[in-house]
Amino acid sequence: MNAILEMAAGFDWSPFWISLKTGIVATVICFFLGIFAARKVLRLGPKARAAVDGILTLPMVLAPTVAGFFLLLLFSLRRPLGAFLYGTFGIKVVQTWLGCIIAASVIAFPLMYRNARAAFEQIDIDLVYAARTLGMSDLKLFWKVVVPAAGPGIASGTVLTFARALGEYGATSMLAGNIAGVTGTISQRIAYVIKNGDYATGAVWVVIMLLIALGIIIAINLLAGGRSRRQNRW
Amino acid sequence: MSIYVDIRKNLGDFTLDVKFEAEQETLALLGDSGCGKSMTLKCIAGVMRPDEGEIRINGRTVFDSAKKIDLKPQQRRVGYLFQNYALFPNMTVAENIMAGLERKGRMPKDERRRQAMQYVERLQLAGLEDRYPNELSGGQQQRTALARILASEPDILLLDEPFSALDATLRWEMEQVVRATIAEFPGTAMLVTHDRDEVYRLSDTVAVYKDGHIDVLDEKWHLFAHPQTATAARLSGCKNLSPAHREGDRLIADDWDISFAFPESGDNADPAWVGLRAHRFRLCGQDDPYAFEFEVVNRIEDTFSFILQIRKKGSQTERLIRWEIEKALHVDVPDTGYVSLPVEEILLLRE
């Protein structure tokens, strides 16, 4: 008993807060970018749509380390963009918390984008037509009519995005590294402590991750099932 | 108070190519589904764009491909009633109607609500203003949609199959609401439907659509009394139609294998089709010029009448002629005999 209390007192909770902050910021970024991209892609012609959709979905299909490789290539201080950002604005992405956010956002983005797109595709187009004939501006009808009508799909996309961003490992470890208290996320901490044989600490984090994941899945089910009371048990 | 439309749009299977104008009246677009009626309304509203042509509402050009004018739907002042009403599901009745005040620009929230409540009263929605669309009956949803449209003070009303989502009882009730709305409305109203009875009760003028073009454009009573084409006859409720041709002083109805004296009363001297009104047959003697000898194939009891399916006696044709007769009278019809119709009920039609 005492051993557990002792362990809890000295326990380094920083990975939890780093992961949480990263997840929230990445989700906010993906929420707007994903909805924006979904809206734009739906307006493209069929060929351009297939191509752009492919590029936007790529991070979901690729191994995260491959995405991390490209991100490193882009933001390394020895590369034009990375050097420019650091030289001009003093912004450093590699080995910083910003790197965590960018890695998580890139990996989680397709979940938001694809869910938003699917939700938009199912909207009754007459709702949009009606809003237009009534004189509602396209921007207003998008936020007041389309987004609420696509609500459940967007909500579950948002939760999935958060879940993915929270647990991101591969790209984050390459771009941001595992600096304790700065970029050390839960996933990276688990890998690190297991590598050093500290299974007890690893188990604590695994349980935390499991609880979060379970909570998220239940949240999605409640969001998706809340609207329709239709009986479809069989 | 008028509408002028002259547009063309390629729709893949066929080309929408229509030209018409209407004054302050109700113009019905009557036709089978998928013949371009709704597309015409959508082009007028500006949510679909014609390939070329011109549209004027109350003399105001809203679309002109030659002059590169294409007003946004927001600027066209069109009141569009959608088949499924297209109420915003996340807004209450009052908020939906307030969305109709969008074009009036900024105003304080309570002023907006006060104005919306006038339409709530007018369409007898009082007490329902804070409900969401999924808590309303079909009729209440339609009232809300009408209130929202009227709040937007449109120049023209476009009603796209307004009753098709309602059951029979509600249909009649809502037709009265729509009729009252149209009667008070100071501009043109256009009604898309495939129900001839709705057309007859609600409209003044009818445009019969066929494969994307207007087959006949005529005043309602004239169209129903004297349809000129096979499509117009069918859509106005003529149930017996057959390809036909003239041979000397005889008219031959090819599908039914019958012939009778060519009715010289009509203005069509070389018809491609003939139509016989199902409820105007009468028993007659052999010497009636429009008589043919029949045999009854089936006697089908309908709600308020009997439907006799007849054909020329001895013929093996499967194209039966439909004769609708009062229930009390059908027992008087023998299994074979001679039948004819008043000459004005024999419709001589072009293709």
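Mentor: Happy to. In chain B, the C-alpha centres of domain 1 and domain 2 lie 39 Å apart. Please keep in mind that this is a predicted model. The domain assignment of chain B places domain 1 at 3-229 and domain 2 at 238-349. Taken along the principal axes, the C-alpha atoms of chain B fill a box of roughly 80 × 50 × 30 Å. Its secondary structure comes to eight helices and 21 strands. Of the 351 residues in chain B, 42% are buried. If you take the contacts in chain B between residues at least 6 apart in sequence, 65% of them join residues at least 24 apart.

Now for the meeting of the two chains. Here 18 residues of chain B are in contact with 15 residues of chain A. On the side of chain B that touches chain A, ten of the residues are nonpolar, five polar and three charged.

The buried ones are A:Leu127, A:Val128, A:Tyr129, A:Ala130, A:Ala131, A:Arg132 and A:Thr133. The cover comes from both chains: it includes α8 (138-149) of chain A, and from chain B it includes α1, β7 (78-81) and α2 (93-99). Just after α7(A), A:Gly135 takes a positive phi of about 100°.

For contrast, turn to helix α5 of chain A, residues 80-89. This helix is hardly covered, and the count of buried residues among its ten residues is zero. A glycine with positive phi follows here too: A:Gly90, with a value near 70°.

Most residues other than glycine have a negative phi. B:Arg77 is not a glycine, yet its phi is positive, about 55°. B:Arg77 sits in the loop between β6 (69-70) and β7 of chain B. It counts as buried because 20 other C-beta atoms lie within 10 Å. B:Tyr85 also has a positive phi without being a glycine, in this case about 70°. Its place is the loop between β7 and α2 of chain B. With 22 other C-beta atoms within 10 Å, B:Tyr85 is therefore buried.

A further loop joins the picture through α1 of chain B. B:Pro50 lies in the loop between α1 (37-45) and β4 (52-57) of that chain. B:Pro50 has 24 C-beta neighbours inside 10 Å, so it counts as buried. Setting aside neighbours within four places in sequence, B:Pro50 is in contact with B:Ile7, B:Arg8, B:Lys9, B:Cys43 and B:Phe63.

From α3(A), the contact uses A:Leu56, A:Thr57, A:Pro59 and A:Met60, and from α6(A) it uses A:Val106, A:Ile107, A:Phe109, A:Pro110, A:Leu111, A:Tyr113 and A:Arg114. By class, that gives nine nonpolar residues, one polar and one charged.

The other pair is helix α2 (residues 14-42) and helix α9 (residues 151-167) of chain A, whose axes come within 8 Å and cross at roughly 140°. α2(A) and α9(A) are therefore oblique to each other. Here the crossing is right-handed. On the α2(A) side are A:Ser19, A:Thr22, A:Gly23, A:Ala26, A:Thr27, A:Cys30, A:Phe31 and A:Gly34, and they meet A:Gly157, A:Thr158, A:Thr161, A:Phe162, A:Ala165 and A:Leu166 of α9(A). This contact divides into six nonpolar residues, eight polar and no charged.

Note on methods. Residues are numbered from 1 along each chain as its sequence is written. Chains are lettered from A and ligands numbered from 1 in the order in which they are written. This is a predicted model: local features need pLDDT of at least 70, side-chain atom pairs count only at pLDDT 80 or more; totals for chains, interfaces and linings use all residues. Two residues are in contact if their C-beta atoms, placed from the backbone, lie within 7 Å. Ala, Val, Leu, Ile, Met, Phe, Trp, Tyr, Cys and Pro count as nonpolar, Asp, Glu, Lys and Arg as charged, and the others, Gly among them, as polar. Axes are lines fitted to C-alpha atoms, for helices over the stretch in contact, and angles run from 0 to 180 degrees between N-to-C directions. Helices (H or I, at least four residues) and strands (E, at least two) are DSSP runs, numbered from the N terminus. Angles under 35 degrees count as roughly parallel, over 145 as roughly antiparallel, 65 to 115 as roughly perpendicular and the rest as oblique. A crossing is left-handed if the near helix is turned anticlockwise from the far one by less than a right angle, and right-handed if clockwise. Domain bounds come from an automatic or database domain assignment. A residue is buried if 20 or more other C-beta atoms lie within 10 Å of its own, exposed if 12 or fewer, and partly exposed in between; C-beta atoms are placed from the backbone.
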